[in-house]
Amino acid sequence: MLIEYKNVNIYQQDTMVLSNVDFHVDEGEFIYIIGKVGSGKSSLLKTTYCELDLYQDEADKAEILGRNLLKLRRKDIPSLRKEMGIIFQDFQLLHDRTVYQNLLFVLKATGWKDKEKIKTRISEVLADVGMQDKADSMPHELSGGEQQRISIARALLNQPKVIIADEPTGNLDPETASSILQLLKDITATGTAIVMTTHNIPLIDKYPGIVYKCQDGKITDITKDYSHMCLEEE
């Protein structure tokens, strides 16, 4: 099990947004989290990479990649994040650096030192996302879909066991969003799990996975019957 939550309460500031969360992720799974704005989707994701804290006396279990989040020390968070990939809706690329320099920054920050290995790894991830010819481009020279492909390449650099993606298609047109989903789906074939929030229900029909819904302070696995449930328009 890559992620396992049992009876976890999740807070945004001082407000409980999700209670008694049971949530688990295994190798190679593709997991969608749906729900209205403010339902707790992003807060749940933020707990996995320790941007939001969990309270030890309000959870039976909260483990990710072999770590107990209820006891994890601050100094151990970077090593956890190194084993994860994180993708954001707004890409979060460094706009004063080329694509290559963006990826180089991450590798150096996570302890890579060998120049040849660095060069090889950057070439590999750019090939994985079909962006080999964009290494010297600046982010502003790329389309939204291309920027998101670079952010996926960045997430792949350290060969993560799980990728956390918060609305990765939220700023993309339908055709580009579909190509990004296909790319993420392909990644799961290597054993990496994908956990993503989305409002794009048609994409779930096209690229099926496990579906959780956040609603009324609860999260529920609705994989079997989600297609019969309607997610209300924002």
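This is a predicted model: local features need pLDDT of at least 70, side-chain atom pairs count only at pLDDT 80 or more; totals for chains, interfaces and linings use all residues.
In which sense do S1 and strand S2 (residues 15–25) pair, and over how many bridges? The two strands run in the antiparallel sense, and seven bridges join them. Strands pair here if DSSP finds at least two bridges between them. Strands (E, at least two residues) and helices (H or I, at least four) are DSSP runs, numbered from the N terminus.

Residues are numbered from 1 along each chain as its sequence is written, and side-chain values use heavy atoms, with hydrogens and water left out.

Glu4 is buried, with a relative accessible area of 15%; buried means under 20%, exposed over 50%, and partly exposed in between (1.4 Å probe, protein chains only). Its side chain joins that of Lys61 in a polar contact of 3.0 Å. A polar contact is a pair of N or O atoms within 3.5 Å; within protein, one must be able to donate a hydrogen and the other to accept it, and residues adjacent in sequence count only if both atoms are side-chain atoms.

H4 has 14 residues and reaches 20 Å from its first C-alpha to its last, close to the 20 Å expected at 1.5 Å a residue (1.5 Å times one less than the number of residues). Ile118, Arg121, Ile122, Val125 and Leu126 of H4 are buried. These residues are on the same side of H4 because they cover an arc of only 130° around the axis, taken from the directions from the helix axis to the C-beta atoms. An α-helix has 3.6 residues a turn, so residues three or four places apart point the same way. Glu116 and Lys117, on the other side of H4, are exposed. The buried residues pack against helix H3 (99–109) and helix H5 (144–156). At the start of H4, a side-chain oxygen of Asp114 reaches to within 3.0 Å of the backbone nitrogen of Glu116.

Finally, a search of the whole structure finds zero disulfides (pairs of cysteine sulfur atoms within 2.5 Å). For Cys50, the nearest cysteine sulfur is that of Cys214, 19 Å away.

Methods:
Contact means heavy atoms within 4.5 Å.
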